[in-house]
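Subject: Structure handover

Hello,

Here is the structure I promised to send over. Please open it alongside this note; my findings follow below.

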Number of protein chains: 2
Amino acid sequence: MTQPLPMVAESLQGLYGPEARLCPCANEKLTLVFSQTRAFDLVELEQLLEAVGWSRRPVRRVRKALTNSLLKVGLWRHDPRVPRLIGFARCTGDGVFEATVWDVAVHPIYQGGGLGRQMMDYVLDALREMGTERVSLFADPGVVSFYQRQGWELEPQQHRCGFWYSS
Amino acid sequence: MTQPLPMVAESLQGLYGPEARLCPCANEKLTLVFSQTRAFDLVELEQLLEAVGWSRRPVRRVRKALTNSLLKVGLWRHDPRVPRLIGFARCTGDGVFEATVWDVAVHPIYQGGGLGRQMMDYVLDALREMGTERVSLFADPGVVSFYQRQGWELEPQQHRCGFWYSS
């Protein structure tokens, strides 16, 4: 991302925090805001992830996972009374050498307008600002081209990804 | 791992912490200890990683990365005056849904005797105790079979791994 996103107006900083940024949006009627500090309603978060096809997870475990995450980003549709969570991304990592992106989601109603790309740009910019050297992710076949178009390298030097399941 | 490793004798807990475990070793003259709490001399740690072929990293950044890591494991060759770090592994993650293993190293002098396998068993056991559901790692071609033999699934459901570099 070459240009930083515009800051939100001071009047919105109470809702989204002083570091919040406006997310570009073709629809003039929408005000969309990236925030790393606005607290999530965990039921709303799980509803968003379920809307993109993931299984619901116990709220207690989601709370603990968020606490232990390096970066959490909410994309909010602004409303002065009830902001709505329409996008989300989460990273784990050490903030220095490695970060891994999980849980990237844009609500289906808002897909197709480039918000997924905006979210990934925002996440990578935030991680770069932290000083993280390398970012990794696991892509299922349906989203591989989405990430490749943005400059992600798939399996550089023939790296393979391995998983182990505790169950 | 079906049987927990034996605890270290109380006389060694000052050096390695109360949770330290003995690592099985064919050589009776060696006492090897897994510890999650014994502090690392960061120069010694970087020398170990360099001995297995990795570039040296600035100590200040290593210190920050360790602070932000979910799990750090040292494998120590016991000596009552100067314990030596002969193995290491590090994980990032949220401790609930996801953990990622990085920096797995056994000093070349001690390779070939199954210590790498012991280290991975210890790491997975520690992550399971934390309640982590899934563990991931990136394997270069030379170690893929090492992980496959231990039950790791490579690219389940055709997941691909992607990397992005900040430079």
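Two residues are in contact when they have heavy atoms within 4.5 Å. On that basis, 48 residues of chain B are in contact with 47 residues of chain A.

Some ground rules. This is a predicted model, in which local features need pLDDT of at least 70 and side-chain atom pairs count only at pLDDT 80 or more, while totals for chains, interfaces and linings use all residues. Residues are numbered from 1 along each chain as its sequence is written, chains are lettered from A and ligands numbered from 1 in the order in which they are written, and side-chain values use heavy atoms, with hydrogens and water left out.

**How the chains pair**

Chain B and chain A bury about 4,800 Å² between them, 57% of it on carbon and sulfur atoms. Buried area is the accessible area (1.4 Å probe) that two parts lose on being put together, summed over both. In chain B, Arg160(B), Phe163(B) and Trp164(B) lose the most area to chain A, together 17% of what that side buries.

**Salt bridges**

A salt bridge here is a side-chain nitrogen of Lys or Arg within 4 Å of a carboxyl oxygen of Asp or Glu. One salt bridge joins Glu155(A) and Arg160(B) at 3.0 Å, N to O.

Another joins Asp94(A) and Arg90(B) at 2.7 Å, N to O. This pair crosses between chains, from the loop between strand E4 (84-93) and strand E5 (98-106) of chain A to strand E4 of chain B. Helices (H or I, at least four residues) and strands (E, at least two) are DSSP runs, numbered from the N terminus. Both Asp94(A) and Arg90(B) are buried. Buried means under 20% relative accessible area, exposed over 50%, partly exposed in between (1.4 Å probe, protein chains only).

Within chain B, Glu98(B) forms a salt bridge with Arg134(B), with the closest N and O atoms 2.9 Å apart. Glu98(B) is in strand E5 and Arg134(B) in strand E6, 36 residues apart. Glu98(B) counts as buried at 9% relative accessibility. Arg134(B) also counts as buried, at 19%.

**Helix H4 of chain B**

H4(B) covers residues 115-130. Its buried residues include Leu115(B), Met119(B), Val123(B) and Leu127(B). Arg117(B) forms a salt bridge with Asp121(B), the closest N and O atoms being 3.4 Å apart. The two are 4 residues apart in H4, so about one helical turn separates them. Arg117(B) is partly exposed, at 38% relative accessible area. Just after H4(B), Gly131(B) takes a positive phi of about 95 degrees.

Thr92(B) sits in strand E4 of chain B. Thr92(B) is buried, at 0% relative accessible area. Its contacts include Gly93(A) and Asp94(A). Thr37(A) is exposed, at 57%. Thr37(A) lies in the loop between strand E2 (32-35) and helix H2 (42-51) of chain A.

Best regards

Terms used
The expected span of a helix is 1.5 Å times one less than its number of residues. Lists of a residue's contacts leave out its neighbours within four places in sequence.
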